Amino acid sequence: MRQFIVETANIKNGLIELIGKDFRYLRQVLRVKKGDMLNVRLDDGSLQGTTVAFIDDKAKKITLQICENAAGDQTITRGVQADAVGGFFSEREFVLFQFIPKAQKFELIVRQATECGISIIVPVIGDFSEKNCTSMFEGAKRERFERIIREARQQSGSPVATRIMEPMNVAAAAQWWRDFSGAEGAGVEAGGTEAVAGAPAVGAASLAVALWERTEGEVPLQQIINEKKAAKKICIAVGNEGGISPSEISLLKEKGFFSTIHFDVNILRCETAALYGIAALQSALSQAIL
């Protein structure tokens, strides 16, 4: 485990008391002992060094004491400060529009997206989503996603506090992205071609792409990256088992200023496509800003 996530509100007088599942995890999985040092990730994304000050197996409680960050080879955990990743995630927000697939696949996508530093996951109700697809986000079922995110962040050391929005249809998602990114007409369409008269085009502050199995209207990813490498808010839309329909693509382009990209690779499952697309986008962007 690279880090242990703690809410700042749980810190009192420099001490952190952990019970319940947190106790069991530290004691039974990590097998911590008194005097062990751990890195804990706080709400603001910072990493704080702690020492195991007291273990009460009878009361099932572990007390951590805040201390100076220890040297990496002395700690059980291996988290890093947010700025230690070159400012890549501290300066940018990555958003995933995931058209809702079956629950088991969505859980895997959430885990992988969290490990990749996605800030916001927007579940999109698409033409090919199952009729009861939103039931996985109701009541106690939603708490499972929060656990998955927590576990993925603790395992990967991600400084990004990934969160999942409420499900929305394509039109609402496109409008949400437009509001979130501040996308406005800028005179040039994504892809570098001159916009037609009266047509909006997104500025350099945001970047939005949709993975599509079709090639018509696609824009090379590298071309988009070269023109948008200064973008601070980046979104990638990925279809579910049936993909994204042509009408949905048109809506994303018109209302959300998305460009479509196509990878000339084998046919990928939706959970594989999400990871592949995120990795390709982040890799191309990181290389462009070097």
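## A buried strand residue

Ile236 sits in strand β12; strands here are DSSP runs of E with at least two residues, helices are runs of H or I with at least four, and both are numbered from the N terminus. The model is predicted, so to speak of local features takes a pLDDT of at least 70, side-chain atom pairs count only at pLDDT 80 or more, and totals for chains, interfaces and linings use all residues. Residue numbers start from 1 along each chain as its sequence is written, and side-chain values use heavy atoms, with hydrogens and water left out.

Is Ile236 buried or exposed? With a relative accessible area of 2%, Ile236 is buried; that label means under 20%, exposed means over 50%, and partly exposed is in between, using a 1.4 Å probe and protein chains only. Ile236 and Phe94 are 142 residues apart in sequence, yet their C-alpha atoms are 8.0 Å apart in space.

## Salt bridges

There are 12 salt bridges in the structure, each one a side-chain nitrogen of Lys or Arg within 4 Å of a carboxyl oxygen of Asp or Glu. The general idea is simple: side chains of opposite charge can pair when their charged atoms come close.

One of these bridges joins Lys105 and Glu241, with the closest N and O atoms 3.9 Å apart. Lys105 belongs to helix α2 (residues 103-115) while Glu241 is in the loop between β12 (233-238) and α6 (246-256), so the pair ties together parts that are 136 residues apart in sequence. Glu241 is partly exposed at 39% relative accessible area. Another bridge pairs Glu151 with Arg111, the closest N and O atoms being 3.8 Å apart. That pair links distant parts of the chain, since Glu151 is in helix α3 and Arg111 in helix α2, 40 residues apart. Both ends are partly exposed: Glu151 has a relative accessible area of 42%, and Arg111 has 29%.

Asp36 and Lys33 also form a salt bridge, their closest N and O atoms being 3.9 Å apart. Here Asp36 is buried at 16% relative accessible area, whereas Lys33 is exposed at 51%. Elsewhere, Glu91, Arg92 and Lys232 are linked in a salt-bridge network.

## A positive patch

Which residues gather in a patch of positive charge on the surface? They are Lys21, Arg24, Lys60 and Arg147. Patch members have over 30% relative accessible area and no salt bridge, with like charges joined within 9 Å (for nonpolar side chains, namely Val, Leu, Ile, Met, Phe, Trp and Tyr, the limit is 5 Å). Arg24 is in helix α1 (residues 20-29) and is partly exposed, with a relative accessible area of 37%.

## Two positive phi angles

Most residues other than glycine have a negative phi. Lys60, not a glycine, has a positive phi of about 55°. Lys60 lies in the loop between β5 (47-56) and β6 (61-67) and counts as partly exposed at 46% relative accessibility.

Phe257 also has a positive phi, near 60°, and is a residue other than glycine. Phe257 is in the loop between α6 and β13 (259-261), and at 6% relative accessibility Phe257 counts as buried.

## Gln154 in helix α3

Gln154 has its place in helix α3 (residues 140-156) and is buried, with a relative accessible area of 5%. What does the side chain of Gln154 reach at 3.2 Å? The backbone nitrogen of Ile5 is at that distance.

Definitions and conventions: A polar contact is a pair of N or O atoms within 3.5 Å; within protein, one must be able to donate a hydrogen and the other to accept it, and residues adjacent in sequence count only if both atoms are side-chain atoms. Accessible areas come from the Shrake-Rupley method with a 1.4 Å probe; for residues, only the protein chains shown count as cover. Lys and Arg count as positive and Asp and Glu as negative; His and the chain ends are not counted. The place of a charge is taken as NZ of Lys, CZ of Arg, CG of Asp or CD of Glu.
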